[in-house]
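Please take some time with the sequence and the model before reading on.

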Amino acid sequence: MKYQETLNIIYARLDRLGDLPVFSATVNQIRQISSSSDTDAMSLAIAIMKDPNLTTKLLRLANSSQYNRTGGKVTAISRAVVLIGFERIRNLCMTLKLIESFGDKDPDTGIEDLLVAAVLNAATARDLAINAGVEDVEETYICGLLFSLGEIVVAYTLPDIYKQMLVLRKQRKLSWVNIQQQNLGGDFVSIGRDLIQSWGFSKRVVSSIRTGESAEGLSKQERLNQQIVSGCHQLFEQIYQRSPQLLGDEYTEQLVHMAELTRLAPEKLEETINHSVRQLCDHIDQYGLSHRSLIPPVSSSGNETLDEMTRKVAFYVHSRQEQKRNHPKQDDSLLAEQHKRLSEYNRQQLVYLEKMSDLMTGQAPTAQVLKTCVEGIEASSSLERVVFCLSMDGGKKLVAKLLEGEQLDPLVAYFQLKREVGHHRLFFHMLDKGSSLLVHDARDPSWLNRLPKEYLDSVMPGGLIIAPLTVDGKTIGLFYADKTQAAGPVEDRDFKVFNQFVIQCRIALEMGKKLSPSKHADK
């Protein structure tokens with residue numbers, strides 16, 4: 001088959017399959033937003049949240065020990081963006097969507113093994129790029145991830161041809177590169193480079209997807225990037241014995257070359273490889289991959305250094321598998337507890353919404369409506385403290401009147417607010433503006449400088465919600481709810497529950513006798 005004929009068939013089959021989700025509108029938008037100099041965390045978060053599966057997996061990664069060093073639970077994508085960083089979030093999105101796009105459609109082609117190899121290559125290349133002085137190490141990650149895209153796409157779109165190629169490789173009569181040339185008219189790397197160029201990746205990324213022999217005409221940084229990415233790929237090809245012709249002295253030579261390139265001793269370079277394997281083991285479940293794909297075959301290659309490296313990797317991954325088998329219920333029990341808690345919240349939400357509905361038809365006193373609303377928010381969500389502050393003295397004061405939850409003393413003390421006090425102005429600003437404020441995580445650096453220090457020191461919130469209550473055009477007070485720092489950030493569901501009850505409260509008061517809260521709040 002000629003090379004152009006191969007490309008034409010691949011493009012035609014990708015079109016028939018609906019293109020690849022990894023290069024869907026969502027991912028392209030994430031790439032564009034994260035590359036813009038004036039993008040904020042919320043803009044990127046909104047783009048990510050258009051993909052529920054991607055959102056779930058990113059939050060799980062954000063709560064892993066690698067990214068979440070504070071210990072507080074990350075429940076908001078905007079917080080994950082700030083915690084992990086724009087570039088790394090973009091690359092995690094690419095990784096997750098690449099895996100989701102292909103999966104293991106045909107077990108005989110070993111696509112899952114190829115995906116594991118791609119992620120491992122990317123992570124190792126990024127770590128090595130730091131030592132080598134690469135300007136943009138996150139770009140190195142993308143290059144490492146996409147370096148074997150050509151082989152993945154061939155296995156996906158031309159499975160019969162790819163299986164024949166695997167049979168030829170096992171016979172060991174031809175090199176893997178020669179097999180590619182004979183069956184495809186070109187190599188996997190060239191196919192991958194043509195694909196990513198057509199999908200709009202930057203020139204620097206496209207230029208880095210090539211083998212060492214064809215790297216002329218590159219800038220110094222492009223050349224360095226290309227050598228690291230292709231060098232890592234070659235090392236893993238030998239560790240996992242995917243190119244048997246390369247076994248032997250070639251591994252030692254490649255290790256020495258990469259050590260010089262990255263300014264690391266060979267043993268330190270192998271430590272970096274081991275570290276990348278351990279990291280991937282940590283994330284393998286979140287990525288939706290199998291540990292099995294990370295285990296290299298253990299056999300004698302004639303190279304002691306390579307055999308020792310293979311043995312270490314295989315032993316570590318096997319150990320992690322055993323550890324997972326011995327503790328299979330740990331994640332299940334946690335999920336069961338979370339499900340039980342959510343079910344109880346949902347049950348309480350229905351109970352209190354029915355109470356609110358009854359109050360609407362019964363023209364209940366304002367104080368009773370407000371009290372039921374505050375109780376409903378606290379009982380139906382993970383929000384720990386809920387307060388209604390009554391507007392008094394013509395809007396000059398906000399005073400806590402109704403409170404539910406635990407550890408309320410700091411709120412009782414603080415929420416005696418006066419308009420003229422500087423650190424109280426935030427709450428009067430929200431009152432005057434007539435709009436809600438959601439702060440997922442009050443410890444987020446972007447909020448630490450915007451929220452009053454006196455408020456943070458005395459109330460110590462983990463996350464918070466503020467919403468004014470306006471009835472028939474008259475603002476009568478302010479609802480406030482939060483979680484303590486120990487409990488962590490506010491969840492998206494909490495915000496929805498809070499808003500639902502505030503809206504129901506306003507409707508109930510407008511449908512009732514429209515009594516002045518100053519008459520009834522203390523009854």
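Helices (H or I, at least four residues) and strands (E, at least two) are DSSP runs, numbered from the N terminus. Counted in this way, the chain holds 25 helices and 6 strands. The model is a predicted one, in which local features need pLDDT of at least 70 and side-chain atom pairs count only at pLDDT 80 or more, while totals for chains, interfaces and linings use all residues. Residues are numbered from 1 along each chain as its sequence is written, and side-chain values use heavy atoms, with hydrogens and water left out.

How much of the chain is buried? A residue is called buried under 20% relative accessible area, exposed over 50%, and partly exposed in between (1.4 Å probe, protein chains only). Of the 523 residues in the chain, 54% are buried. A second view of the whole chain comes from contacts, where contact means heavy atoms within 4.5 Å. Among the contacts between residues at least 6 apart in sequence, 64% join residues at least 24 apart.

Turn now to one pair of helices. Helix α4 (residues 52-62) packs against helix α5 (residues 77-84) at an angle of about 50°, and their axes are 10 Å apart. Here the axes are lines fitted to C-alpha atoms, for helices over the stretch in contact, and angles run from 0 to 180 degrees between N-to-C directions. That angle makes α4 oblique to α5, since angles under 35 degrees count as roughly parallel, over 145 as roughly antiparallel, 65 to 115 as roughly perpendicular and the rest as oblique. On the α4 side, Thr55, Leu58, Leu59 and Ala62 meet Ile77, Ala80, Leu83 and Ile84 of α5. By class, this contact of α4 with α5 has 7 nonpolar, 1 polar and no charged residues, where Ala, Val, Leu, Ile, Met, Phe, Trp, Tyr, Cys and Pro count as nonpolar, Asp, Glu, Lys and Arg as charged, and the others, Gly among them, as polar.

Leucine 294, in the loop between α16 (266-287) and α17, counts as buried because its relative accessible area is 0%. Leaving aside residues up to four places away in sequence, leucine 294 touches Val116, Leu120, Tyr240, Val277, Leu280, Cys281, Ile284, Val313 and Val317. The C-alpha atoms of leucine 294 and alanine 117 are separated by 8.0 Å, although these residues are 177 residues apart along the chain. Threonine 310 lies in helix α17 (residues 304-326) and is buried as well, with a relative accessible area of 4%. With residues up to four places away in sequence again not counted, threonine 310 touches Ile239, Pro296, Pro297 and Val298.

Cysteines come next. Cysteine 281 is buried because its relative accessibility is 2%, and cysteine 143 is buried at 0%. A disulfide is a pair of cysteine sulfur atoms within 2.5 Å, and by this rule the count comes to 0 disulfides.

Last, consider the backbone angle phi. Most residues other than glycine have a negative phi. Arginine 172, however, has a positive phi of about 60° although it is not a glycine; arginine 172 sits in the loop between α10 (159-171) and α11 (176-184) and is exposed, because its relative accessible area is 52%. Aspartate 393 likewise is not a glycine and has a positive phi, of about 55°. Its place is in the loop between β1 (385-392) and β2 (397-405), and with a relative accessible area of 48% aspartate 393 is partly exposed.
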